[in-house]
Amino acid sequence: HERHFHAPHVGYVIEGGTMQITDDKGTRVVEIPSGYAFANPDGIAWHEAINVGSTTSTYLMIETKTAP
């Protein structure tokens, strides 16, 4: 994924894998397991991710909107 942002969201990892993630904290390689659930109530200002593993990773992301 090229550099992008997320509004507040919840997510679920359908099929995990090895990802290289770059954000304002630097660059790191992480193993993301299948079945992992997460929430970011404040959203994510920006990040980019590269699949550096040998499997295809699949995620379900649900972004929420606040009322104007």
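**A tyrosine to begin with**

Guide: Tyr59 counts as partly exposed, at 30% relative accessibility, where buried means under 20% relative accessible area, exposed means over 50%, and partly exposed lies in between, with a 1.4 Å probe and protein chains only. This is a predicted model, in which local features need pLDDT of at least 70 and side-chain atom pairs count only at pLDDT 80 or more, while totals for chains, interfaces and linings use all residues. Residues are numbered from 1 along each chain as its sequence is written, and side-chain values use heavy atoms, with hydrogens and water left out.

Visitor: Where is Tyr59 found, and what is it in contact with?

Guide: Tyr59 is found in strand β7, strands being DSSP runs of E with at least two residues and helices runs of H or I with at least four, both numbered from the N terminus. Setting aside neighbours within four places in sequence, Tyr59 is in contact with Tyr12, Val13, Ile14, Met19 and Ile32, contact meaning heavy atoms within 4.5 Å.

Visitor: How many helices and strands does the chain have?

Guide: The chain has zero helices and seven strands, and along the sequence the pattern reads β-β-β-β-β-β-β. The C-alpha trace spans about 45 × 25 × 15 Å along its principal axes. Of the contacts between residues at least 6 apart in sequence, 73% join residues at least 24 apart.

Visitor: What share of the residues is buried?

Guide: Buried residues make up 24% of the 68 residues in the chain. One of the buried residues is His6, with a relative accessible area of 13%.

Visitor: Which strand holds His6, and what does it touch?

Guide: His6 lies in strand β1. Not counting residues up to four places away in sequence, His6 touches Gly43, Ile44, His47, Met61 and Glu63. The C-alpha atoms of His6 and Tyr59 are separated by 14 Å, although the two residues are 53 apart along the chain.

Visitor: What about Asp42, buried or exposed?

Guide: Asp42 counts as exposed because its relative accessibility is 73%, and this residue lies in the loop between β5 and β6. Asp42 and His6 are 36 residues apart in sequence and 9.0 Å apart in space, C-alpha to C-alpha.

Visitor: And Glu2, where does it lie?

Guide: Glu2 lies in the segment before β1 and counts as exposed at 70% relative accessibility. Leaving out residues up to four places away in sequence, Glu2 touches His47 and Glu48. The C-alpha atoms of Glu2 and Pro41 are separated by 22 Å, the two residues being 39 apart along the chain.

Visitor: Changing topic, how much space lies in the largest pocket?

Guide: About 670 Å³ of space lies in the largest pocket. A pocket is an open set of points on a 1 Å grid over the protein atoms alone, with protein on both sides within 12 Å along at least five of seven lines, and lining residues have an atom within 4 Å of a point. The volume is the space filled by probe spheres set on the points, which are joined across faces, edges and corners.

Visitor: Which residues lie nearest its centre, and which strand gives the most to the lining?

Guide: The lining consists of 24 residues, of which Ile21, Phe38, Asn40, Ile44 and His47 lie nearest the centre of the largest pocket. Strand β6 gives the most to that lining, with five residues.

How values were computed. On a 1 Å grid over the protein atoms alone, a cavity is a set of points where a 1.4 Å probe fits but cannot get out, and a pocket is an open set with protein on both sides within 12 Å along at least five of seven lines; lining residues have an atom within 4 Å of a point.
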